[in-house]
Amino acid sequence: MICLRLEAAPRAAIAPGPGQTLEFVENKGQWPKVVRYQAELPGGRLYLTPTGFTYSFLEPAALERLNHRHEAPTDQPRQPEPAAPVRGHAYTVSFEGGNARAPLMPTQPTAGTRNYFVGSNARDWAADVSGYRQVRYEGVYPGIDVQLYENAGQHLEYDFRVAPGAKPTDIRLRYAGPDVVRLTAEGQLLIETSVGTITEQAPQAWQTTASGQRRPISCRFELQGQTVRFRLGTYDPKLPLIIDPTVLFSSFTGSLADNWGFTATYDAQGNMYSGGVAFNVGYPTSPGAFQTSFAGVGDVAIIKYKVTSKGPAARLYATYLGGKDTDTPHSLVVNGRDELVILGTTGSNNFPVSNGALQRTFRGGPTNGLPGGKMDYPQGSDLFVATLSSDGSKLVASTYLGGSGTDGLNYMLSNNYGDPWRGDILTDGDNNVYLASVTQSSDFPLAQPLQSRLQGASDAVVCKLPRLLDRLVWSTYLGGSQNDAAFSLQLTPDQHLYVAGGTTSTNFPAASTAVQPKWNGGRDGFVVCFTPAGTALRYSTYLGTASDDLAFFLQLDNSGDVYVLGQTNSADYPITPGLYGNKGARQFIHKLSADLRTTAYSTTFGTPGQTNLSPTAFLVDDCERVYVCGWGGINNQGYSNGSTSRLKVTPDAVQANTDGSDFYLAQFAAGLTGLEYATFYGEQGGRGEHVDGGTSRFSKKGVVYQAVCGGCRAPRGFQCRRGPTTSTPATAAPTATTRPSPSTSKL
């Protein structure tokens, strides 16, 4: 599972390891003498020696054959595969022609000391070992120092500090040990290893004038074999010069368990929460977390990351959540008390529930699941809602929610791999909980229902519960005589609840005054608006063509108008004149008036005749710009098929090329008049980045928080940090950068 936080940021750098800020720890005999300082990095370590740096990275899970693979459904169970060894790769960066006796001077000592008493030989022990925030190589070349430090974003940077009169042409960095070292067309340096690709962004250089102004100097890498130099533009040799290359690399959650990416969200501080499923022991739970032991088959796996302006910087907690059978998260949200609220499905009769919960007993249902897959529910399934404390140590509240049939699994209206686990959860200012999902139970728990009985094979369900999940404020079926499911929620300031989903019912409760009062054929989307009491629909409409259409995401703008993101099989979904669009494309965006009576505009985007994306997140920001995130490719074969090939990207894309199975991020101008930014991100030639189910979220600042299952040759369960100008890691699907909102700087 990859956890992505995609944001507008001027640059990116290495994120320190989980649970700590970056420290350079001195060597007092606990390591070989050549090592002067060591720093822990995600997925490995950095060793500082007199002649340069040594990077050592590990692959923390088994080899590719242990990865979960999304093959076409089969009735034959997969055979267990043997464990594989953990692999590693190290390489050095040497100061070629530099001073091999350059002193390393630490500054800014960190709190506390360390003791190393490892093994039986006391000569290898070390006590009172100190750590530091910065280390400086003095006089590596005449008049040139090298400074390593943690920047304000809690990321590692290293600078070459060139004194007046010194020669930056003396700097030569010799790379030894990588498989390949090469330059990209954008000027980044790629260092390819057997366990990942490290990217050094195009360097920056500047001088500070006597008046204190920083003046940028043009600077680029120049590669000769495996030696790197810096080619500079015109600068003043009488002033100090700073050359600052920024290093980036993919990192791992450290899970030794196969784990899949489902859902992600954020809190008011911008911290990131990722949710997935772990299938064994080995998930990196944190001390004091609510559930540190694997309970069986598949548990919900949650990580909370501290996030700075540059991205995830520390793991604040990690926990399992589940019982003896399959447990799956669909949607996450953080309430006003910084508590994480989780919506999901469970097949466990011992899922952890709280005292006083609305429903403490598992009701289950018929056996269900995907043929031959891990996502099986032999005792049936119920929905669950659970709330974790802000530090992940306590279960604030938790309840089952279901009847005697299949609950929370959308088998009837699935277009894409992962669609069975779609659903949504929100909270209001009083921390009440709202959820939207699906049920096949004729005895689903109800309270003040708008619709009191199951009318079709499956109906949508919409519910409101208080924070402690000890009762239903209101709960209702929603649907007609065929199949219905709800996928997305949005709440207005005055507590009107909008819900979007899909239906095949000819008698879905659409209003006669709606923009589309009648079913058009096949699968149609729907949008409804509940009154604050939940006992009536204020507005309701179908949304679709004579072909199949599904409404997967819903957003509201500041005027209360409604935006819908979905998929269509129609070659003629309407495109409003003057809007950006691709006729015959299969992803649609539709803007409706708040009363659902009129269309403001609609359009389709993507490759004509092909479903490119399974949408995973959607946003309309305060300036009415529209953001879309989704994935496509080989893992959707047998579902909506399609590929990310031929999707349009902008010249400033983080990743301009695709192997057809990548993530895609796009931002459209207000009013959908143009495509302002679009990029791919993902490994080239792997198994395809994808989401196994659930929904992720954009913040109103245009930052998307996304949990991803990496389909590449790297092990499941890694987390990748990616900045705005780096290229694709070979073992990870990276995060990418959105276009900036008004409160962020332009890239």
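## Exercises on rings and strands

Ring pairs join Phe-53, Phe-95, Tyr-137, Tyr-158, Phe-160, Phe-221 and Phe-230 into a cluster. Rings of Phe, Tyr and Trp (its six-membered ring) pair if their centres lie within 6.5 Å; planes under 30 degrees apart count as stacked, over 60 as edge-to-face and the rest as tilted.

Some ground rules before you start. This is a predicted model, in which local features need pLDDT of at least 70 and side-chain atom pairs count only at pLDDT 80 or more, while totals for chains, interfaces and linings use all residues. Residues are numbered from 1 along each chain as its sequence is written, and side-chain values use heavy atoms, with hydrogens and water left out.

**Exercise 1. Describe the aromatic pair of Phe-262 and Trp-421.**

Step 1: Count the pairs. The rule gives 32 aromatic pairs.

Step 2: Look at the geometry. The centres of Phe-262 and Trp-421 are 6.3 Å apart and the planes are at 85 degrees, an edge-to-face pair.

Step 3: Locate the partners. Phe-262 belongs to strand E21 (residues 259-266) and Trp-421 to the loop between E30 and strand E31 (424-427); these distant parts of the chain are 159 residues apart. Strands (E, at least two residues) are DSSP runs, numbered from the N terminus.

Step 4: Check burial (buried means under 20% relative accessible area, exposed over 50%, partly exposed in between, with a 1.4 Å probe and protein chains only). Phe-262 is buried because its relative accessibility is 0%. Trp-421 has a relative accessible area of 1%, so Trp-421 is buried too.

**Exercise 2. In what order do the strands of the open sheet run?**

Step 1: The 4 strands are ordered E25-E26-E29-E30, with antiparallel pairing. Two strands pair if DSSP finds at least two bridges between them.

Step 2: Find the edges. Strand E25 (327-334) and strand E30 (395-401) each pair on one side only.

Step 3: Zoom in on one pairing. Strand E29 (residues 382-388) is joined to E30 by 6 bridges, running antiparallel, and Leu-388 stands opposite Leu-395 in E30.
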